[in-house]
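I opened this structure to look up a few local features. My entries follow in the order in which I made them.

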Amino acid sequence: MRVLAAMSGGVDSSVAAARALEQGHEVVGVHLALSQDPQTVRESSRGCCSLEDSADARRVCDKLGIPFYVWDFSDRFKQDVVEDFVDSYARGETPNPCLRCNEKIKFAALLERGIALGFDAVVTGHYARITEDGYLRRAIDPRKDQSYVLGVLGAHEIEHCMFPVGDTEKPEIRQEAAAHGFSTASKPDSYDICFIPDGNTTAFLGSHIGMRPGMIVDTQGNELREHEGVYGFTIGQRKGLDIKNPAADGRPRYVTDIDAASGTVTVGSREDLSVGVIEADRLKYLHPGMDGEVDCQVQVRAHGGVVDCVAHIDRAADTMRLDLAEPLSGVARGQAAVLYLPDAAGDIVLGSGTICGTQRW
């Protein structure tokens, strides 16, 4: 096959490209330029789209003897990821920009252009696997599994994906990279939000949204203090609330609800964070079993555990309700709820939805 290797400049994408080449595919490396000014994104271990990363990706492709290109997706990244991130926080949600980048840029946009140019698939260094039947499943290494962040893709994207490193644990990937002589072999993993250079998310959001004063209240509606905008808070947040008067019982307070329309941030106890029902929309279907009433498992964080649930999926309405077998804490609107089959395989992704509501346990 003729495949595009998405070269982030990290060790995983380096080995993924090498393995695709070893498997006999015709491989072309491409690095995605996601910022019109690469100096404004994080460098070294903290990003995946800096000038340093582009140079690392080029060196790997040169060593493999494959063509290397840089494709400019900065306009789409700004609209589909950065602006979506800002708008979501303004609505009182807690989005995950890496999920949106995977969905809109690293697969949909890349694949759209790749297919138009005659490529058959996209190869990435994500830790996940594809079953013989073409379904997405967890990686061998549970510590690095990225099936959750891929659960927001559509069936069309999965059909044209290759994840060559998903059957290997991370230490072996680094050893393999070193054996190839890749400079990325010891490069730290990327993390955090690449388009916020100093890591100050609140300041970034404030500069884009502006001051929208509101009130922090307790669960009885008592006003505690004024704030500058709901974007400064996330569900489950404990630190940085700056509430002078302690709770009557002396216990810590947590953000339990955010109402962007009224600007109200509600704080309560840890118990107030327990959720028994999750509602989601904007569904993605990766398996035919995601329909009607389904016994399955749900994961709501990239590195979180799973809980059993009964999913009530309404394809016509593009919504689902998840009745949890045990409570989850700190579930926020805007996050993804990714469903897994709980059978012997235990790790096949059914699909996902964007959390739009919750009910207390």
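I began with the UniProt record, an unreviewed entry, which places the feature "active site" at Cys101 and Cys194. UniProt positions are in the numbering used here, feature names are shortened, and annotations may be inferred rather than shown by experiment. These positions are spread over 94 residues of sequence, yet they cluster in space, with a largest C-alpha distance of 10.8 Å.

I noted the ground rules next: the model is predicted, local features need pLDDT of at least 70, side-chain atom pairs count only at pLDDT 80 or more, and totals for chains, interfaces and linings use all residues. Residues are numbered from 1 along each chain as its sequence is written, and side-chain values use heavy atoms, with hydrogens and water left out.

**Where the two cysteines lie.** I found Cys101 in helix H4, residues 97-116. Cys194 is in the loop between helix H7 (170-180) and helix H8 (201-209). Helices (H or I, at least four residues) and strands (E, at least two) are DSSP runs, numbered from the N terminus.

Is Cys101 buried or exposed? Cys101 is buried, at a relative accessible area of 8%. Cys194 is also buried, at 10%. For these words I used under 20% relative accessible area for buried, over 50% for exposed and partly exposed in between, with a 1.4 Å probe and protein chains only.

I then listed the contacts of Cys101 (heavy atoms within 4.5 Å). Leaving aside neighbours within four places in sequence, Cys101 touches Leu34, Phe77, Val81 and Lys106.

**Cysteines and disulfides.** How many disulfides are there? The count is 0, where a disulfide is a pair of cysteine sulfur atoms within 2.5 Å. I checked Cys161: its closest cysteine sulfur, in Cys101, is 14 Å away, so a bond is ruled out by distance. Cys161 counts as buried at 9% relative accessibility, and Cys61 is buried at 0%.

**Aromatic rings.** I counted 7 aromatic pairs. Rings of Phe, Tyr and Trp (its six-membered ring) pair if their centres lie within 6.5 Å; planes under 30 degrees apart are stacked, over 60 edge-to-face and the rest tilted.

Phe107 and Phe163 make an edge-to-face pair, 6.3 Å centre to centre with 70° between the planes. Phe107 lies in helix H4 and Phe163 in the loop between strand S7 (161-162) and H7, so the pair ties together parts 56 residues apart in sequence. Both Phe107 and Phe163 are buried.

Phe195 and Phe204 form a tilted pair at 5.6 Å and 55°. Phe195 is buried at 10%, and Phe204 is buried at 14%. I also noted one aromatic cluster made of Phe77, Phe85, Tyr89, Phe195 and Phe204. Phe77 had already come up among the contacts of Cys101.

**Charges over rings.** I took a charge as over a ring if NZ of Lys or CZ of Arg is within 6 Å of the ring centre and within 35 degrees of the ring normal. Arg2 lies over the face of Phe119, 4.0 Å from the ring centre. The charged end of Arg138 sits over the ring of Tyr340, 3.8 Å from its centre.

**Positive phi.** Most residues other than glycine have a negative phi. I looked up Asp242, where phi is positive, near 55°. Asp242 is in the loop between strand S9 (223-227) and strand S10 (254-259), and is partly exposed at 47%. Asp318 has a positive phi of about 60°. Asp318 lies in the loop between strand S14 (307-314) and strand S15 (319-329), and is partly exposed at 28%.
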